[in-house]
Amino acid sequence: MKSYLSSRTEQIKPSGIRRFFDLANSLEGVISLGVGEPDFITPWSICHASIQSIERGYTTNTEIEGLIELRKEISYYMGNRFQVSYSPDTEIIVTVGGSQALDSSLRAIINSGDEVMIVEPSYVAYEALVAMAGGKPVPIVTTFENEFKPQPEQIIQSISSRTKAIILCFPNNPTGSLLKKQELEALAEIIVKHDLLVITDEIYAELTYEEDTFCSIASIEGMRDRTILVSGFSKAFAMTGWRLGYICAPEWLTQPIVKVLQHATISAPSITQYGAIEALRNGQRYIIEMRNSYRERRNFLVNQLNKMGLHCHLPEGAFYVFPSVRQTGLTSEQFAEKLLIQHKVAVVPGSAFGNSGEGHIRCSYATSMEKLHEAMERMGQFLENL
Ligand code: PLP
């Protein structure tokens, strides 16, 4: 029967994260540092706006690009918060999560065999999405020693006549690293010189822990016209289950993406779009509160892990720490599996994020301080017993 299946989907590897979730779910009393979802519940005023939209009967499809009121709010927010300017009429599209923003963007630009550079260790979906769109993923390997930041010379060496684009994700999942303006400028120079496109996944842009460190590559000279900026509501506003994301890009790029979306989904859900309008209008205070909690948890976790000898950098953004487990002599899979089975703490093996993630584990601090304390105690015992 295999001959009936698409060879493109056949070659996609199962997510290394899912396997651990399934194992963790089959055990009692597990503390999970595995999930990439905020532990906060969506703030009430956002839920209320959404409930009101149902009560008022706003339950039909919206424009393919999303409600114009929401696109206007996104336009204002992106300009005000990140100094990038996009027209709500032609340069913003609301999607079903950041996930669909990535998928539809890649489908719109990739021809069969086009190469797309992916900074590794990377969010698990990029490689699969590039392959499903018919492209060839080309990893740009980063390491602990260079703080998981891609070096310009690596990018130059990886460019071929088939290279179409590069996917960037800063603040990064899984490493938490962040590229500063000057570092982005160095990459932008290469990107312009080689006439490439950029897909910049900025879904963690609100989650940086020092003031004014985030910079969007779209704001750098020469980049706006060749950049697809992907973002969403999942992480910043604790709205993962609402499935809402968006794309900001010049019209020559949004037009083909809209073509993909009109057949793929017609529109993002109307009800959640009304909630998102409220999130952007009045939600900054929630972001500040959640960010403060994440910062406190990050500091605690990094301190504890380093004390245990699991060395890690202080991540500048997102809600992940990516410590090295090399000194234990275990592979990242062995480490994660033993820790889960013996001490009931779930983390994700670094190998789930590409070969270059090997030797590390991803610990998410999107969980309460109380659970983090308990998890660190259990991990300490695990290391002593090793
Ligand atoms: N991009 C990154 C880097 C992520 O970590 C995630 C989710 O974990 C997504 C995109 C997908 O976000 P959404 O839930 O909005 O589809």
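Q: Why is Y123 called partly exposed?
A: Its relative accessibility is 27%. Buried means under 20%, exposed means over 50%, and partly exposed is in between (1.4 Å probe, protein chains only). At 27%, Y123 therefore counts as partly exposed.

Q: What kind of model is this, and how are residues numbered?
A: It is a predicted model: local features need pLDDT of at least 70, side-chain atom pairs count only at pLDDT 80 or more, and totals for chains, interfaces and linings use all residues. Numbering runs from 1 along each chain as its sequence is written, and side-chain values use heavy atoms, with hydrogens and water left out.

Q: Why is Y126 called buried?
A: Y126 has 2% relative accessibility, so it counts as buried.

Q: How many aromatic pairs does the structure hold?
A: There are 17. Rings of Phe, Tyr and Trp (its six-membered ring) pair if their centres lie within 6.5 Å; planes under 30 degrees apart are stacked, over 60 edge-to-face, the rest tilted.

Q: What makes the pair of Y123 and Y126 edge-to-face?
A: The ring centres are 5.4 Å apart, and the planes stand at 80°, so the pair is edge-to-face.

Q: Why is the pair of Y209 and Y365 called tilted?
A: The planes of Y209 and Y365 are 55° apart, and the centres are 6.4 Å apart. Both Y209 and Y365 are buried.

Q: What does the pair of Y209 and Y365 tie together?
A: Y209 sits in the loop between strand 6 (197-201) and strand 7 (227-232). Y365 sits in the loop between strand 12 (361-364) and helix 13 (369-385). The pair therefore ties together parts that are 156 residues apart in sequence. Helices (H or I, at least four residues) and strands (E, at least two) are DSSP runs, numbered from the N terminus.

Q: Which residues do ring pairs link into a cluster?
A: They are F40, Y204, Y209, Y294, F319, Y320 and Y365.

Q: What makes strand 2 (92-95) and strand 4 (136-141) edge strands?
A: An open sheet of 7 strands runs in the order 2-8-7-6-5-3-4, with mixed pairing. Strand 2 and strand 4 are its edges, and each pairs on one side only. Two strands pair if DSSP finds at least two bridges between them.

Q: How do you know that strand 3 (residues 115-120) pairs with strand 4?
A: The two strands are joined by 6 bridges and run parallel. E120 has V141 in strand 4 as its bridge partner.

Q: Which residues stand opposite each other along strand 5?
A: I167 in strand 5 stands opposite I118. L168 stands opposite T200 in strand 6. Strand 5 and strand 6 run parallel, joined by 4 bridges. The chain crosses between them through helix 8 (residues 181-193), in a right-handed β-α-β crossover. Right-handed means that, with the strands pointing away from the viewer, the path from the first strand over the helix to the second runs clockwise.

Q: Why is strand 5 called mostly covered?
A: Of its 6 residues, 5 are buried.

Q: What leaves one side of strand 9 (320-321) and strand 11 (348-349) without a neighbour?
A: Their sheet is open, has the order 9-12-11 and is antiparallel. Strand 9 and strand 11 each have a single partner strand, so one side of each lacks a neighbour in the sheet. Strand 11 meets strand 12 through 2 bridges, with V348 opposite R362.

Q: Where is the chain divided into domains?
A: Domain 1 is 2-42 + 285-385, and domain 2 is 44-282. The bounds come from an automatic or database domain assignment. The C-alpha centres of the two domains lie 24 Å apart. Their contact (heavy atoms within 4.5 Å) takes 38 residues from domain 1 and 46 residues from domain 2.
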